[in-house]
Amino acid sequence: MSKKILTLLLAAVMIFTGCEKDASDSSENNLPTDGSASVKRDYNFDNVYKKQEDALYVIQYEPIHGSKCDMILGMDIIDGYDAAWLPETPQTENFYIMNEKDQKQYATAKFYTAPPDLEKFYGTSDKEKILEEMKSSYFTVADVHDGLLKNAVQDFGYRLITDWTGKFGDYDYYLIEFQDDETDKHAIRFMVGNSRLDDTYWSFEFKADLPMDNQKLIDDHRTMLFSLYNWSN
């Protein structure tokens, strides 16, 4: 078990009950059942947040060592799943969630941050040049949302299930879900970040690709995603 994964017994979990929302705010109460898409703007993530008191443990999503980001996110990992980290890539810590029953990794996550020394990384002290360079690799939550929505729905014609944007604490987030009938895949795409194009930039992305005919898998991954919270507070 990684040092980034904290195993929790029920008694220890109760430490975090101050973050818990009422059970009436569960995801089932926020998604339509008539086949229409759930589109919500300025929708606070607190409305769907729900701590899983019977979770096996919490995974801590941390930025890569040396970054200027001090944000740490926590997510409850429920019974039947395991989570750990993948090899890191430049400026990125990578993670996975695995279904223990079929040993498949349906979901991945990444914590992306800016280089701590922009002048050294880009080889210039010109702030305008640095900003232009950053714009090729670092994007605001709103820009990623708009590009993904256009790509998935307009360009590829996937069926939109969920399209939420709003606040995750002090930060911007989006949640998009869509289905591809040709591949029978249900996709979950989530991002939260500070959207600052400077050395403090950070973003967290969660992606899951699930079989459309397995509602339990879909619900389980929503449950874990909706348990995401700011561990740093």
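**Entry 1: Gln 179**

I looked up Gln 179 first. Is Gln 179 buried or exposed? Gln 179 counts as buried because its relative accessibility is 11%. The cut-offs I used are under 20% relative accessible area for buried, over 50% for exposed and partly exposed in between, with a 1.4 Å probe and protein chains only.

I note that this is a predicted model, where local features need pLDDT of at least 70, side-chain atom pairs count only at pLDDT 80 or more, and totals for chains, interfaces and linings use all residues. Residues are numbered from 1 along each chain as its sequence is written, and side-chain values use heavy atoms, with hydrogens and water left out.

I found Gln 179 in strand 9. Strands (E, at least two residues) and helices (H or I, at least four) are DSSP runs, numbered from the N terminus.

Which side chains make a polar contact with the side chain of Gln 179? One is that of Arg 159, at 2.7 Å. Another is that of His 186, at 2.9 Å. A polar contact is a pair of N or O atoms within 3.5 Å; within protein, one must be able to donate a hydrogen and the other to accept it, and residues adjacent in sequence count only if both atoms are side-chain atoms.

I then listed what Gln 179 touches, not counting residues up to four places away in sequence. The list is Tyr 158, Arg 159, Ile 161, Lys 185, His 186 and Met 212. Contact means heavy atoms within 4.5 Å.

**Entry 2: The sheet**

I counted 5 helices and 12 strands in the protein chain. An open sheet holds 8 of the strands, in the order 2-8-9-10-11-7-6-5, with mixed pairing. Two strands pair if DSSP finds at least two bridges between them.

- Strand 2 and strand 8 (159-168) are parallel, with 3 bridges. Lys 40 has Trp 164 as its bridge partner in strand 8.
- Strand 6 (92-99) and strand 7 (104-113) are antiparallel, with 8 bridges. Glu 93 has Phe 111 as its bridge partner in strand 7. Their hairpin has 4 residues between the strands, and Gln 103 takes a positive phi near 60°.
- Strand 7 and strand 11 (202-211) run antiparallel, joined by 7 bridges. Thr 108 has Lys 207 as its bridge partner in strand 11.

**Entry 3: A helix across the strands**

I followed helix 4 (141-155). Helix 4 lies across strand 8, strand 9 (171-180) and strand 10 (185-193). The helix runs at about 10° to strand 9. Axes are lines fitted to C-alpha atoms, for helices over the stretch in contact, and angles run from 0 to 180 degrees between N-to-C directions.

**Entry 4: The cores**

How many residues has the largest nonpolar core? I found 42, and those with the most contacts inside it are Tyr 61, Ile 97, Phe 190, Phe 204 and Phe 206. Strand 11 gives this core its largest share, 5 residues. A second, separate core has 17 residues, including Tyr 112, Val 141, Ala 152 and Met 191. A nonpolar core is a set of buried Ala, Val, Leu, Ile, Met, Phe, Trp, Tyr and Cys residues joined through side-chain atoms within 4.5 Å.

Last, I looked up the whole chain: buried residues make up 48% of its 233 residues.
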